[in-house]
Amino acid sequence: MSKSQAKYIASLLLFGSNGIVASQILLPSYQTVLLRTFLGAALLVAVLLLSRQELVGRKHIKQSAALFVSGAALGISWIFLFRAYQVIGVGTSTLLYYLGPVIVMALAPVLLHERLGAAKLACFGAVVLGAFLVVSQGMSGAASLEGVLCGLGAAAFYAVMVIAGKASPDVKGLEASTIQLVASFAVVAVYTLVVGGLQPIQLSFVPAILMLGIVNTGIGCYLYFTSIAQLNVQSVSVLGYLEPLSSVVMSALVLGEPLGPGRILGAALVLGGALACELVGSRKAGGRAPQPESPRPRFQLVHSQDAGVTEGSNLRAA
């Protein structure tokens, strides 16, 4: 295993543990996201300044604005996702969140002017069927409905994040991700003020908050963006599904969330269908994952809960 592969896998496992870490923080979802985005953004800003790389965002104001919109959508998406964690569990929420790239795929013919072949339509059907199986297993009542709606809301705003991020072909990599995460913090801060402010933070929550904000978000994004440029597209696509898989497995092992046959089949359809769609796109596009200084290639569905769409946006992404 190469150093780049090890760094990429480490970032995915960190992202996959987000829900596990968040379960130790008994705060409203928006406050957890506020703390996470603040710590993560602060770390990325520091890394960006220390790297002394040329900042091109100020030369492309419209693109930076698009990234800000993308980051705002990311922040809202995380609020929905972390609320879903609290209501219906980490595993189910993660699988619903992974409908995000499929929503983008469904909208691609209209918004991104990309054609959908029979293979991608079949993958889309598999993912939808899998999602139905996941949410239909052992769920009933208002709480479950709220959780499912939050999971779908997270996926929908993920799609907005990706589409808005497509409008920034010249601002990429660490700089773009920093803009997005700062924007996420800003919009979540405004939301927090509107809904009623902050709750007291117990001392016992602090280790998990620091882990989620600094390690899972800040360091995780750094490992992600310093590794994907050295990997080919297919490796990024296939290895990327360690994140949701690890999230589902860890939620079962650590949190004791149930994994019945129906939910296992649904998870296999969601992840397998989305992965198959990515592999179809990878075969058509070919080549290496996007380099920080190269033009952005054709959109694919490679993505991560926190690190965004590898070839469509820079930061996402759970």
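Cys221 is buried in this predicted model, with a relative accessibility of 2%. As for disulfides, a search through the whole structure finds zero.

Let me turn to Ser227. This residue sits in the loop that runs between helix 10, residues 206–225, and helix 11, residues 233–240. Is Ser227 buried or exposed? Ser227 is buried, and its relative accessible area is 0%. Which backbone atoms does its side chain reach? The side chain of Ser227 comes to 2.9 Å from the backbone oxygen of Leu223. A polar atom of that side chain also lies 3.0 Å from the backbone oxygen of Tyr224. Once neighbours within four places in sequence are set aside, the contacts of Ser227 are Ser4, Lys7 and Tyr8.

I come now to helix 7, which covers residues 118–136. Helix 7 has 19 residues, and the distance from its first C-alpha to its last is 27 Å, close to the 27 Å expected at 1.5 Å a residue. Which residues of helix 7 are buried? They are Lys120, Cys123, Val127, Gly130, Ala131, Leu133 and Val134. Viewed down the axis of helix 7, these buried residues fall within an arc of 160°, and therefore they line one face of the helix. On the face turned away from that buried side, helix 7 carries the exposed residues Ala118, Ala122 and Phe132.

Terms used: Residues numbered from 1 in each chain as written. Predicted model: local features only at pLDDT ≥ 70, side-chain atom pairs only at ≥ 80, totals over all residues. Heavy atoms only, no water. Helix = DSSP H or I, 4+ residues; strand = E, 2+ residues; numbered from the N terminus. Buried < 20%, exposed > 50% of the residue type's maximum accessible area, 1.4 Å probe, protein only. Polar contact = N/O pair within 3.5 Å; in protein donor to acceptor, adjacent residues only side chain to side chain. Contact = heavy atoms within 4.5 Å. Disulfide = S-S within 2.5 Å. Expected span 1.5 Å × (residues − 1). Arc of directions from axis to C-beta.
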